[in-house]
Amino acid sequence: MRRIRARIALAVLLIAALSGCSQGPRESPVRAADAPNLLAGCGPLEDQKIASNLHVSGLEQQSAPTICNWTATSPHGGAVDITYAWLENDTLSREVQIADQFGYQVERLVIKHFGGMYWRDPKDPSTCAVTASDTGTVTWWVQNRDHAAQPDPCAGAMTLMQATLSVDGV
């Protein structure tokens, strides 16, 4: 539960920091009615898709947009926390700054044709996130609550990211 609160606190700090950095109102680009933003809300993946990609059961959503959390049971019987965040107009460089600020190890990567990064907590091998960036950032966090490194939380986060990008037409 402490890790969930920490992730929610990190997300709130991120949102507050992004809000504080703006210099006046920012006009959002107008999206055509026939081009809905699939990343908004809790993302384009239905609960069944999340569960099947991570091979978990008993998936329960814990919160609502912009930061969405689920709790599930792994095949090994442990609890898994899953978090999705989409922050419009956020940048990868801003995410790297936040990761550095909180002591996460960052590994930059390219996911399909998007810049991205892994977030790893050097003190906890059971948690990992993947962020991809385009006109904002999409992040998937996976944490094994029993603090075990298996099943691999980075592989789980990457699987969800690739599924998200596939649904978004990439």
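Arginine 108 is exposed, with a relative accessible area of 55%; here exposed means over 50% relative accessible area, buried under 20%, and partly exposed in between, using a 1.4 Å probe and protein chains only. The residue sits in strand β4.

Setting aside neighbours within four places in sequence, arginine 108 touches Leu92, Val96, Gly116 and Met117, where contact means heavy atoms within 4.5 Å. Tryptophan 119 is eleven residues away from arginine 108 in sequence, and the C-alpha to C-alpha distance is 9.1 Å.

## What the model is

This is a predicted model, so a few ground rules apply: local features need pLDDT of at least 70, side-chain atom pairs count only at pLDDT 80 or more, and totals for chains, interfaces and linings use all residues. Residues are numbered from 1 along each chain as its sequence is written, and side-chain values use heavy atoms, with hydrogens and water left out.

## The sheet

Seven strands make up an open, antiparallel sheet in the order β1-β2-β3-β7-β6-β5-β4. Two strands count as paired if DSSP finds at least two bridges between them. At the edges are β1 and β4, each pairing on one side only. On average, neighbouring strands are turned by 20° against each other, direction ignored. Axes are lines fitted to C-alpha atoms, for helices over the stretch in contact, and angles run from 0 to 180 degrees between N-to-C directions.

Now for the β1 end. Strand β1 (residues 57-61) runs antiparallel to β2 and is joined to it by three bridges. Glutamate 60 has threonine 71 as its bridge partner in β2, while serine 57 stands opposite threonine 73. Strand β2 (residues 67-73) is largely enclosed by the rest of the structure, because six of its seven residues are buried.

Helix α4 lies across β3, β4, β5, β6 and β7, running at about 20° to β6.

Then there is α3 (residues 92-101), whose buried residues include Leu92, Arg94, Glu95, Val96, Ile98 and Ala99. Just after α3 comes glycine 103, with a positive phi of about 80°.

## Nonpolar cores

The largest nonpolar core has 32 residues, and Ile50, Trp70, Ile82 and Trp140 have the most contacts inside it. A core here is a set of buried Ala, Val, Leu, Ile, Met, Phe, Trp, Tyr and Cys residues joined through side-chain atoms within 4.5 Å. At least two residues of this core come from each of α2, β2, β3, β4 (105-111), β5 (114-121), β6, β7 (136-144) and α4. The top contributor is α4, with seven residues.

A second, separate core has nine residues, among them Leu92, Val96, Ile98 and Trp119.

## Disulfides

There are two disulfides in the structure, each being a pair of cysteine sulfur atoms within 2.5 Å. With the bonded cysteines numbered in sequence order, the pairing is 1-2, 3-4. Cysteine 42 and cysteine 68 have their sulfur atoms 2.0 Å apart, and their link is left-handed, at -85° about the S-S bond. This pair links distant parts of the chain, 26 residues apart: cysteine 42 is in the loop between α1 (2-20) and α2 (47-54), cysteine 68 in strand β2. Both cysteine 42 and cysteine 68 are buried.

In the other disulfide, the sulfur atoms of cysteine 128 and cysteine 154 are 2.0 Å apart, with a right-handed link at 95° about the S-S bond. Cysteine 128 lies in strand β6 (residues 124-133) and cysteine 154 in helix α4 (residues 153-167), so the link ties together parts that are 26 residues apart in sequence. Cysteine 128 is buried at a relative accessible area of 0%, and cysteine 154 counts as buried at 8%.

How values were computed
Helix = DSSP H or I, 4+ residues; strand = E, 2+ residues; numbered from the N terminus.
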